Every structure is written in C-alpha cells, then in structure tokens.
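Dear colleague,

I am passing on the structure below, followed by notes on what was found in it. Please read the notes with the coordinates open beside you.

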Amino acid sequence: MSLLDRQVLIVTGKGGVGKTAVAAAIGLAAAWSGRRALLVEIASEAHVAGLFGESGGAEPGKEVALHPNLTGLAIEPQQALEEYLTLALRVRALAERLADSRAFGYLTAAAPGLRELVTLGKIWHLTEQRTRDGERRHGLIVVDAPATGHGLALLRTPRAFLEIARAGRVHEESRAIAELVADQARTGIVLVTRAEEMPVSETLDTLERLRPLGLEARVLVVNALYPELVTGADRETLRTLVPAGETGQAAVRAARSHLARRDDQAGELGRLAAATSLPRVELPFLFRAGLDLDGVSELAAVLGPAFEELP
Amino acid sequence: MNVERLIAEAEIIVVCGSGGVGKTTASAALALGAARRGRTACVLTIDPARRLANALGLEELPDEAHEVPLPAGGGRLFAMALDAKRTFDRLVEEHAPTAEARDRILRNRIYGQLSSAMGGSQEYMAMERLFELHEQGIYDLLVLDTPPSRHALDFIDAPNRITRFVEGRALRTLVEGGLRVGGLGLRALGQASLVGWKALERVIGVTFLSDLTEFLLAFEGMYDGFKERATAVRSLLGDRRTVFLLVTTPEREPIEEAIFFWQRLVEAELPFGGVIVNKVHADFLGDERHRSPAALRRAALAQLAEAGLEASVAGRVADAFLAHQVLVERDRANVRSLARRLGSEPLLEVPYLDGDVHDVPGLERLEPHLFATGA
Ligand SMILES: Nc1ncnc2c1ncn2[C@@H]1O[C@H](COP(=O)(O)OP(=O)(O)OP(=O)(O)O)[C@@H](O)[C@H]1O
Ligand SMILES: Nc1ncnc2c1ncn2[C@@H]1O[C@H](COP(=O)(O)OP(=O)(O)OP(=O)(O)O)[C@@H](O)[C@H]1O
Ligand SMILES: [Mg+2]
Ligand SMILES: [Mg+2]
C-alpha cells in the first residue's frame, strides 16, 4: 500500500514552510494517478482554491471542483458543529434551537478544543460517508492543517475529549476520531519543513511531541531547496572575481548569495538526516512570481512518484 | 517607518504576522536594538525555536526573564519564554476567594484543558503576562512576539472569549438548574431549556456537564476580578503606550494576511505602527535594472567573460543571477502593491540576509536594517 492509498493525510509543519502548497501538490498528484482526492482546509485560512485559479475562495462547507478528480472543502467549525448537532439530535428544529440558545453560544465560543474536535469530527465523518452502492464516497482526503502549535492541539483534541467527556455520544465519537488519527493504515501525518534553522528545529521538536500522543509522522517533506545552479567548485573563483560592469558585478553577488543559501540548506539537511531516519521527500525552490497551478504541478511531479513509493 | 522613535516612545510593542515571516527574529532584534540604545528591554516569546532560545538563554526556565549578556555601554536586554499554564494558574491563585475554591479549580479537568494549549487561552495568557510585567515597571520596553497571525487575532478576542466563558451566566443558570436544584430548577428554566438540556446531556455526557458545573461554580467570586483585569488589559493595548507592528515577507499570501490583520486592528481601534516587509531579496542592480532578462543575461555573460570567467561557469552564474532577479522583481511588485494598499501607513523593507538569523551576532546584522530610517 502506498502513502497515497491512505484515507487521510494530515499536512502540518511550522508556519509558512509551504503546508498549503504541499497539501495541494499531494492532492494533485493523487488526482493525476486516477484516485479521487479531496483537499480539506480550515475556512479561516482558506488558500487552496486560489492555487487552482478559483478566485474568491471556497464557500465554507461546500465542496468545489478544483481539477479533474480533485475537489476542495473549507471547514468552518461553527457550521460543522451545527451540522453535527443536527446529526446527533436527529431533529433539526431541536438542533437549531440549541445552536441558537445563548447558553450554547457561550459554551462553544470558548469551550476548550470544541472547534478543533468538530473539525476533526467532520473529517472523520467524511471518511465514513458512503455512496449508494456502499463505496467510500471519498478517496484520499488531504488536510491542510494549522501550523505546528495549533496543529498539535488539533491532533491532541480527541484524546483530551475522551478524558473530559466520559460518556455520551461525544465520548464514543472522540474515541473513533482518536483511532482514525492514530491508525497508520488509514491516516498518515506529513510534516513539512524547510532546510532552515528554525523550521528544522521545530520539526525535530514536533517529532518528539507527537510521540506521547501515540502518533508518528510518515514522511518529512523538505520544501523549497535551492537547485544547484552554481556549484561548490565555482566558489573560489567567485570569491575574488570583480567584473568591470554593473551587471556582471550584480551577477556575481547573486551567485554568491545563491551559494551561501545552498550551504545553509545543506547544513540543515544534514542536521535533519542525523536526527531522524524518517523518509524524506525533497522539493525544489520555485523561482516564480507566485504559486499557481503550474507551480503546484511542478511540486506534484516530484512529490507524486516519491509518495507512491512510500509504504 | 521610524523604528528609532518607536523604540524611544513605546512601552509595549506587539509583533504580529503570518507563519514563518520572521516575527520572532524581528522581535528579538527590536529588543536588542532598544537595549543598545540604552533602554531596558525584554522580549517575550511563545515557543521560541531552539537555537535562538539558546542564544537568548531561554532554554532552562520558562516564564522567567533572563538577561542576555551584551557588551557594556548600552542598556540591558532580557528575554522570556511565556508559559500560558503558569500564568493562568497564578491568575487563579490571585483571584480565588478561598484556598478551597482555588484547589477545586486547579484540579478540575476542564480547567486543565482550558489552561493548557487550547482554544485561544495561550493568546490570552500572553496578554495577561504582558500586562503583569508592564505593571511591575521593571522594563522600559516590552516586545511581545506572537504565534502566526490568524491566531494572533485571538489576542484581540481572547479576553472577551475567556470572560464570556467564565461569566456565562445563562450557561451557569442552566447548569445549576440542571444539577443542583434538580427538577425544580429545570421547570423554572422553561420547557425550551429543558429540552435543550436533555439533548445536551445526551450528546456530551453527564460527566462533562458535571465538570462544567463544578468549574463554573468554582469560578464564582472570580468573575469580577477576571473581568476587571480583562478590561484593564484591553485598555492598555489600546492606548498610546502600545504599538502593534505587522511583519510579512514580500510574498502574496503573507501580504494578504498582513492586510487582513491591519484591517482588524483598525476595526478594533488598536494602535497600528506599520508593516515590516522582511526577507526582501537585495537588488544588486542600479540603473540597469529596467532591462529585460535576455538583455541582462547577455550583458552579464559578456562582462563575466571580460573578467576572464570560463564560459561554462559564466553560464551558471548567469542562471543564478536571473533566478535571483525573478525574486527581486516579484518582491518589488508585491511591496509596491502593498504600499499602495496601505496608503500613508508606514512600511519598512528589511533585506533577506545571507545566512540564517538565529543568534545574537545574527540579530546584530539585522538590527541596522530595522533601524534604518527613510523608507
Ligand atoms: N517550493 C517553493 N518554492 C518557492 N516558494 C514556495 C514554495 N513553496 C511555497 N512557497 C511560497 O511560500 C509561501 C508560503 O507557502 P504556503 O502558504 O504554502 O505555506 P504554509 O505553510 O501553508 O503557510 P501558513 O503557515 O501561513 O499556512 C507562499 O508565498 C508560497 O508561494
Ligand atoms: N531578514 C532575514 N534574513 C534571513 N533570514 C531571516 C530573516 N528574518 C528571519 N529569517 C529566518 O527565517 C526563519 C523564520 O523566522 P522566525 O522563526 O523569526 O519566523 P516567525 O514568524 O517567528 O515564525 P513562526 O510563525 O513559526 O513563529 C528563521 O530561520 C530565521 O532565521
Ligand atoms: Mg497554509
Ligand atoms: Mg515565531
């Protein structure tokens, strides 16, 4: 079974490292391979639709087509909660009354972790949905999760709720959600990083913080590695070279800066490799004005075959 | 943006922005800059990365200020890693009417979840700690580093959210009615609430509800203290002694986040100091910058050959150069559009330095760019 055959891949990592870009690339690669894929994001941070040229972003709770075989869904916790209540109470009018009540408003506005729980609950529910023929309605669900701190809180929530709610439907479902998240056959955690000091340190830290939760990442994606445009062998030559004209000088400085960046990245890659034996997938830095479908495709072309190979 | 003046006048700087743009780095460099200008500055950070934490002496003790050794002559620099749970515990200790009430709260399962990493409490506690430290008056300047932006919005809402939760009178009546007074209370609540209560119980279970009851009852007598405190925090954040700075990179998504955040600050009537655009790729070109990529490549190759560079090496150098220029142009276009949207609000560009910034010498390299005037 390849990594792309999981039911859910949860993509997390330090802020700004490229979680959204990687989640989109995984979804696209899965779609290319003929699987059906669903890209899930949290509504308040919704970006994915934009990468596929859909302007305005997805309406929360509504599944939109992004590409052949690929759809997107932005989850809005409050909405998911109301949906959940309707399901749980089986009577819409009752659910609406409860959801509208002031008391309930207070509870949900601040109840610790409730928003996280319904978000994961919604994802769990998606994995349970069946078509009329009894087939799973969704193929691969790729979750563009929040950055590590809040991402970890998200992953911790179902277990926390097992503790707080000792009985009742929430208890049962928290258990099911916690099992889904921890089940390596159904779920994979994808940690994204860049080969920079702080992201690498945070990644190593996250690996440690996952362990006590009974969770483990499947793969590290190292994003935005500089290609070898100038080589180490050019270093000495570049160190002393001073061309006469402005353009030549600018070119030399740019090349030096490129080398410096590559050196840094090589060092951080080494630190990562020394600290963990997790499989690594490396993605190139894209020299583009902004990320769009072409850019995501470029990442997917590298990521797809690599993920296909991973167990 | 005139950071020099800002540092001299503000007592609190709150640094916000989306993920990975350099908030922690900028916060530390601002505090360092202030210290070098003679002030006693303290940078407060949540979740500091290891090497910077190490450099700032934050590794051992959370929630305590450490002095960062600096060359003599300036002021002093302190750093502190915030610990939300400790701050919350301290707050409870301070406001609990009796020792018994205090222990009941500290032991409660819901409190346990609320006070550690969940749902905005971290953000709120950061503000709370900031307030505490400001009250103590030990430091001339406090620089608060925040977690990634959308959650930093929780900073604004958190005081309200937390007090709303603990003072949720309607909820309290409901809960008290349900568990304390029994059927009588329920009847008093009316039919609609009774149905709601029963439904809620089926969904979240009796233990949850009884924990909640206990929690809310234990908080009785603390509401006023909490509320007063939250109001004081809010007014400190809103007045002239405070300034919010936004950090972004010159990339599209973080810029959109910065704009969004700026608008939220304006709506919330919080003092906005400007945007720092960090990691701007340096443009090494002067007058030649307006030429096309093809022309630049030709000129570079010719000049490199003239300087005696072998054709294959020159080709590679030109590749790296043009790749760099793509980013230079991207940055320029994005900064220009950001500046247009910000109107007259201050904006400062800080270059993308070669080599990571994760120690005091690194911060010292960054500092002059942050304190540059004019832009
Ligand atoms: N391989 C790459 N090469 C160049 N730029 C990239 C690459 N991957 C991502 N980026 C850029 O980096 C920035 C951050 O990427 P992205 O939004 O995917 O990160 P994120 O981890 O989802 O951020 P956040 O924590 O804010 O959600 C974007 O401007 C994106 O265009
Ligand atoms: N001007 C700069 N030049 C070069 N590198 C920089 C610069 N500013 C920040 N960095 C580097 O960028 C990375 C991210 O910076 P930092 O951790 O400060 O961001 P952050 O906004 O605090 O991230 P998070 O949202 O995860 O807390 C670090 O590795 C840092 O060394
Ligand atoms: Mg994202
Ligand atoms: Mg930070």
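In what follows, a residue is near a molecule or strand if one of its heavy atoms lies within 4 Å of it. With that in mind, ligand 2 lies between chains A and B. This is a predicted model, in which local features need pLDDT of at least 70 and side-chain atom pairs count only at pLDDT 80 or more, whereas totals for chains, interfaces and linings use all residues. Residues are numbered from 1 along each chain as its sequence is written, chains are lettered from A and ligands numbered from 1 in the order in which they are written, and side-chain values use heavy atoms, with hydrogens and water left out.

To begin with ligand 2, there are 21 residues around it, of which A:Lys14, B:Lys23, B:Thr24, B:Thr25 and B:Val357 come nearest. By class, this shell divides into 9 nonpolar, 7 polar and 5 charged residues, where Ala, Val, Leu, Ile, Met, Phe, Trp, Tyr, Cys and Pro count as nonpolar, Asp, Glu, Lys and Arg as charged, and the others, Gly among them, as polar. For polar contacts, I use pairs of N or O atoms within 3.5 Å; within protein, one must be able to donate a hydrogen and the other to accept it, and residues adjacent in sequence count only if both atoms are side-chain atoms. On this basis, a polar side-chain atom of A:Lys14 lies 2.6 Å from an oxygen atom of ligand 2, while a polar backbone atom of B:Pro351 is 3.0 Å from a nitrogen atom of the ligand, and a backbone N or O atom of B:Val357 is 2.8 Å from an oxygen atom of ligand 2. On its own, ligand 2 has 630 Å² of accessible area, and the protein covers 96% of that (Shrake-Rupley method with a 1.4 Å probe; for residues, only the protein chains shown count as cover). Two or more residues of the shell come from each of helix H9 (197-210) of chain A and, in chain B, helix H2 (23-36) and strand S7 (272-280); helices (H or I, at least four residues) and strands (E, at least two) are DSSP runs, numbered from the N terminus. The largest share, 3 residues, is that of H2(B).

Ligand 1 also lies between chains A and B, and it is surrounded by 17 residues, the closest being A:Gly16, A:Lys19, A:Thr20, A:Leu286 and B:Glu253. Its oxygen atoms are approached by a backbone N or O atom of A:Val17 at 3.2 Å, by a polar backbone atom of A:Gly18 at 2.9 Å, and by a side-chain N or O atom of A:Thr20 at 2.8 Å. Of the 630 Å² that ligand 1 exposes when taken alone, the protein buries 89%. The shell consists of 8 nonpolar, 5 polar and 4 charged residues, and its largest share, 3 residues, comes from H1(A).

That helix, H1 (19-32) of chain A, has 13 of its 14 residues buried, that is, under 20% relative accessible area, with exposed meaning over 50% and partly exposed in between (1.4 Å probe, protein chains only). H1(A) is followed by A:Gly34, whose phi is positive, near 95 degrees.

Finally, B:Leu142 has its place in strand S5 (residues 141-145) of chain B, and it counts as buried because its relative accessibility is 2%.

Best regards
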